[in-house]
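Thank you all for coming. Please have a look at the structure on the screen, and then I will take you through a few of its parts one after another.

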Amino acid sequence: EATEKGCVYFAGSSFRNGRRTYLPAPCPDTSNINLWNILRNNIGKDLSKVSMPVELNEPLNTLQRMCEELEYSELLDKAAETEDPFERMVLIAAFAVSGYSSTYYRAGSKPFNPLLGETYECIREDKGFCFFSEQVSVRCPSFLTLLFFHFQDVRWKNKFWGKSMEILPIGSVNVMIPRLRLLWFCRFGDHYEWNKVTTCVHNILSGRRWIEHYGEITIRNTKSSACLCKLTFVKTAAPLFYWKLLELQCERGSRLCDGSRGKNYEMYYGFTRFAIELNELCPELKDVLPRTDARFRPDQRYLEEGNLEMAASEKQRIEEGQRVRRKWNEENNIKHEPRFFK
């Protein structure tokens with residue numbers, strides 16, 4: 001057994017614990033960035049095509065953020081072992097809400113946009129799942145999670161309205177609990193499907209940014225009509241009241257909203273401990289991961305290490321390279337073919 005940089009390794013197997021508990025460098029100061037100069041010509045437009053300063057990013061990309069939604073995957077494990085269909089629905093609903101639990105502390109930064117063909121793989125023996133994802137088109141990533149089957153039709157639109165930005169998700173989230181699990185037997189064969197709600201980031205240009213979610217989530221079991229679940233997120237003008245109320249409601253039934261935040265979490269982009277682990281690249285992974293994995297992306301790695309000059313330079317180089325490749329493909333009528341998904 002050997003230990004290096006917070007990772008614990010076991011001979012003949014991948015690491016099982018001892019993951020890092022903090023990032024190499026704290027998040028940068030963004031108080032000197034004038035967003036109005038960047039955004040004033042893009043009011044009402046899709047901001048996904050607007051290049052932003054690297055200081056406004058967090059050292060994760062969208063593929064990793066989707067994996068982050070599995071932080072409370074034990075809820076799905078418990079649902080797979082629960083016989084009562086109503087209790088199973090409650091657990092699925094808790095899982096659907098859990099993905100929003102850490103967003104209050106993440107309003108100050110955005111994830112990197114994945115490059116076409118970029119991948120992310122996360123095998124968590126301690127949590128009992130394997131996550132595989134790939135950016136299969138300019139606007140749409142694909143992913144699959146085992147041991148339960150968890151996948152999304154991930155698309156979204158975003159609009160900048162001057163003081164706020166709305167993110168409107170399109171598509172659905174799917175969780176299948178098959179009849180025959182790899183590690184245990186499950187009798188139900190459920191297939192749950194639900195939508196995501198609208199997310200709004202307030203005070204984009206000045207003041208403290210804060211996030212709220214509004215709309216209705218409808219969860220259906222496509223294999224059974226025994227029950228239907230609807231969760232309503234209500235708009236509010238008071239951010240502290242909104243989040244304190246959400247925390248109070250969660251504390252009554254679970255500890256989801258605590259988000260398992262580590263020490264000095266505000267210094268590290270508001271990441272939970274699980275989020276801090278997502279971009280970790282231990283030496284033993286370097287030889288087995290595909291070179292398309294997000295952990296090898298240099299601009300993201302430089303940002304994580306606090307090297308803003310190199311992060312900005314690499315981000316510009318990578319984005320320009322993707323624009324050139326996209327233009328070439330369009331002019332030559334070449335369609336991108338995903339490597340790992342069909």
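Before I point to anything, let me say that a residue is called buried when its relative accessible area is under 20%, exposed when that value is over 50%, and partly exposed in between. Please also keep in mind that what you see is a predicted model.

Let us begin with helix α4, which runs over residues 85-98 and has 14 residues, and which spans 20 Å from its first C-alpha to its last, close to the 20 Å expected. At the start of this helix, a side-chain oxygen of Asp-84 comes within 2.8 Å of the backbone nitrogen of Phe-86. The buried residues of α4 are Arg-88, Met-89, Leu-91, Ile-92, Ala-93, Phe-95, Ala-96 and Ser-98, and what covers them includes helix α3 as well as the strands β8, β11, β12, β14 and β15.

Now to the cysteines. How many disulfides does a search of the whole structure find? The search finds zero. Cys-67, for example, is in no disulfide, and the nearest cysteine sulfur, in Cys-122, lies 3.9 Å away. Cys-67 is also buried, because its relative accessible area is 0%. For Cys-229, the closest cysteine sulfur is that of Cys-227, and at 7.9 Å this is too far for a bond, since a disulfide needs the two sulfur atoms within 2.5 Å. Cys-229 is buried too, with a relative accessible area of 14%.

Finally, please find Gly-128 in the loop between β5 and β6. Gly-128 has a relative accessibility of 29%, so this residue counts as partly exposed. Although Gly-128 and Ser-73 are 55 residues apart in sequence, their C-alpha atoms are 8.5 Å apart in space.

Conventions: Residues are numbered from 1 along each chain as its sequence is written. This is a predicted model: local features need pLDDT of at least 70, side-chain atom pairs count only at pLDDT 80 or more; totals for chains, interfaces and linings use all residues. Side-chain values use heavy atoms; hydrogens and water are left out. Helices (H or I, at least four residues) and strands (E, at least two) are DSSP runs, numbered from the N terminus. The expected span of a helix is 1.5 Å times one less than its number of residues. Buried means under 20% relative accessible area, exposed over 50%, partly exposed in between (1.4 Å probe, protein chains only). Contact means heavy atoms within 4.5 Å. A polar contact is a pair of N or O atoms within 3.5 Å; within protein, one must be able to donate a hydrogen and the other to accept it, and residues adjacent in sequence count only if both atoms are side-chain atoms.
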